[in-house]
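Me: Hi! I have a new structure open and would like a short tour.
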Amino acid sequence: MENLSNGTLSIEVSGHGAELCSIRKNGIEYLWQADPEYWKRHSPVLFPIVGSLWNGVYRYGGKEYAMSQHGFARDMDFRLLEKAGNEVRYRLEADDATLSGYPFRFVLEIGYRLEDNKVHVLWTVHNADSTTMYYQIGAHPAFYYPDFAPATGHRGYFSFGKAQDTVLQKGGAGPDAAMEPVKELEYILIKEKGCADTQTVYRRHLEDGMLPIDTHIFDRDALILENGLVNRVTLHAPSGKPWLALTFDAPEVGLWSPPFRNAPFVCIEPWYGRCDRAGFTGDISGRDWIQSLEAGESARMSYTIEIF
């Protein structure tokens, strides 16, 4: 376990899955501590897929491969590359075990950098193969609800921001980017076998820009926001006070807490990809929101957690 502190925040990161395991400010823990009664993880990195495959398999080059939900990276040991100042970085490379179920030679680097009250999460995906590589990558951090009261049904609020077009044209939506409030939410839901119903889009007007969170909001699993609808999600306490926010460029974000469990946490999950749409049986290259890299290419992605 590696520890970083900058006087405002302190974090802990495990080499297993290069997983962020703690975020503390003023003695308060913000990141879920993986109680297996509800969910045994803190903040896994999802790679090389996000979500579930239809019937647990994908197809590539005329062959069929099995892969469990969210891929294998979260359950593998990464090599510590560097720890210096307020940053730590890890690396995972393809090997015989990964190639048997995912036939692409990849290099995945994951880093964490502290800046004031922010944790910058940094990803680099490199295609070390001679052919086009298909992949997805996503985050799954879980945060304690502020002022959690299990006997009540009210958990707080979400609010949402969309980066202004000029910000996006300059290639980013960082934590200090100018945001416009989102007044209407659009989302899809999981249908069956962990896969999405893309035919039904739900719309909800946000009163004063807020989405109330109650014990039934996740009864049908995750809310999936697509098409770059939002670039920032803020979690508010039941009083309305901002608690923490995630800012990202990812085209999708999932909001989730275990259905029917009255769990003390909620996940805010920026994704470059998501689960299959229900019934999908095509090649991996045709999966919804699939990412690709040509031979020798790399992609860099990031998101930021801001603690108020």
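Predicted model: local features only at pLDDT ≥ 70, side-chain atom pairs only at ≥ 80, totals over all residues.

Me: How many helices and strands does the protein have?
Reply: There are two helices and 26 strands. These are DSSP runs, numbered from the N terminus: H or I of at least four residues for helices, E of at least two for strands.

Me: And how much of the protein is buried?
Reply: Of its 308 residues, 56% count as buried. Buried means under 20% relative accessible area, exposed over 50%, and partly exposed in between, using a 1.4 Å probe and protein chains only.

Me: What box do the C-alpha atoms fill?
Reply: Roughly 55 × 50 × 45 Å, taken along the principal axes.

Me: New topic: where is Arg-287 found?
Reply: Arg-287 sits in the loop between strand S24 (265-272) and strand S25 (291-293).

Me: Is Arg-287 buried or exposed?
Reply: Arg-287 is buried, since its relative accessible area is 4%.

Me: Which residues does Arg-287 touch, then?
Reply: Leaving out residues up to four places away in sequence, its contacts include Ile-49, Val-50, Gln-136, Arg-274 and Phe-280. Contact means heavy atoms within 4.5 Å.

Me: What about Arg-274 and the side chain of Arg-287?
Reply: A polar atom of the Arg-287 side chain lies 3.2 Å from the backbone oxygen of Arg-274.

Key
Residues numbered from 1 in each chain as written. Heavy atoms only, no water. Polar contact = N/O pair within 3.5 Å; in protein donor to acceptor, adjacent residues only side chain to side chain.
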